[in-house]
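Q: I'd like to learn how to read a fold like this one, feature by feature. Could you take me through it?

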Amino acid sequence: MPEKETTHVLHMRHALDLANEALADGDWPVAAVIARGDEILSTGRGRQNTASDPTAHAETDALAQARRAGVSVAGATLYCTMEPCPMCAFALHLHGIRDVVLGARHADLRRTDLGAYSIESFAEMMGIDLRLTTGIENDACVALRRAWGRDQTR
């Protein structure tokens with residue numbers, strides 16, 4: 001496995017561990033890792049339910065953690081188990097993150113609530129330079145998100 005791909009897989013597996021923690025706590029099983037190379041700068045996970053805050057997404061949680069620690073994430077890479085929503089995509093742009101590595105995509109789940117949204121269509125519409133890598137640990141990310149849907153129907 002090429003070195004860069006290994007880094008992608010390691011960071012995504014860390015995000016999957018955090019997403020599993022979120023699921024165990026009753027939150028949306030989504031997590032994010034912000035890294036510069038092998039160094040993890042911050043992490044975040046879905047906290048919408050436990051924080052009673054619909055904006056407490058994994059990406060905003062990771063960005064807030066970096067701010068609290070005084071860590072600049074400009075030029076870093078975001079690893080996320082689920083494609084960022086428009087709110088999170090713009091927040092990443094404002095923080096100077098242009099490299100995004102994804103596990104699952106909204107299209108993988110056949111989501112209809114976001115219409116034709118994709119992070120790359122959003123970036124194009126907003127004139128944002130985005131470098132996107134997809135499909136890292138995709139099956140595990142999709143399965144975890146689908147587990148959330150099953151848990152919510154019980």
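Predicted model: local features only at pLDDT ≥ 70, side-chain atom pairs only at ≥ 80, totals over all residues.

Q: Which residues of α2 are buried?
A: For this you look at relative accessible area, and under 20% counts as buried. In α2 that gives Ala-58, Glu-59, Asp-61, Ala-62, Leu-63, Ala-64 and Ala-66. Their cover includes β1 (31-36), β2, β3 (77-82) and α3 (86-94).

Q: In what sense do β3 and β4 pair, and over how many bridges?
A: You follow the bridges from strand to strand. β3 and β4 (residues 99-104) are parallel, with five bridges. As examples, Leu-78 stands opposite Val-100 in β4, and Cys-80 has Leu-102 in β4 as its bridge partner. To get from β3 to β4 the chain goes through α3, and this β-α-β crossover is right-handed.

Q: Why is β4 described as largely enclosed by the rest of the structure?
A: Count its buried residues. Five of the six residues of β4 are buried, so the strand is largely enclosed by the rest of the structure.

Q: What about the other neighbour of β4: in what sense do β4 and β5 pair?
A: Again you go by the bridges. β4 and β5 pair in the parallel sense, over three bridges. Within that pairing, Asp-99 has Arg-131 in β5 as its bridge partner.

Q: Which side chain does Arg-131 join in a polar contact?
A: With a charged residue, check the side-chain partners and then the surroundings. The side chains of Arg-131 and Asp-99 are joined by a polar contact of 2.8 Å. Setting aside neighbours within four places in sequence, Arg-131 is in contact with Arg-98, Asp-99 and Val-100. Its relative accessibility is 43%, so Arg-131 counts as partly exposed.

Q: Now Arg-45: is it buried or exposed?
A: Arg-45 lies in strand β2 (residues 39-45) and counts as buried because its relative accessibility is 6%. Its side chain makes a polar contact of 2.9 Å with the side chain of Asp-25, and another of 3.0 Å joins it to the side chain of Asp-27. Beyond its neighbours within four places in sequence, Arg-45 is in contact with a list of residues that includes Leu-18, Glu-21, Val-30, Thr-50, His-57 and Asp-61.

Q: How far apart are Asn-138 and Gly-103 in sequence and in space?
A: Compare the two kinds of distance when you want to see what the fold brings together. These two are 35 residues apart in sequence and 4.4 Å apart in space, C-alpha to C-alpha. Asn-138 is in helix α5 (residues 138-152). Not counting residues up to four places away in sequence, Asn-138 touches Gly-103, Ala-104 and Asp-108. With Asp-108 there is a side-chain polar contact of 2.8 Å.

Q: Which residues other than glycine have a positive phi here, and where do they lie?
A: Ser-52 is exposed, because its relative accessible area is 65%. Another is Glu-137, with phi near 55°, in the loop between β5 and α5. At 23% relative accessibility, Glu-137 counts as partly exposed.

Technical notes:
Residues numbered from 1 in each chain as written. Heavy atoms only, no water. Helix = DSSP H or I, 4+ residues; strand = E, 2+ residues; numbered from the N terminus. Buried < 20%, exposed > 50% of the residue type's maximum accessible area, 1.4 Å probe, protein only. Polar contact = N/O pair within 3.5 Å; in protein donor to acceptor, adjacent residues only side chain to side chain. Contact = heavy atoms within 4.5 Å. Pairing = 2+ DSSP bridges. Right-handed = clockwise from strand over helix to strand, strands pointing away.
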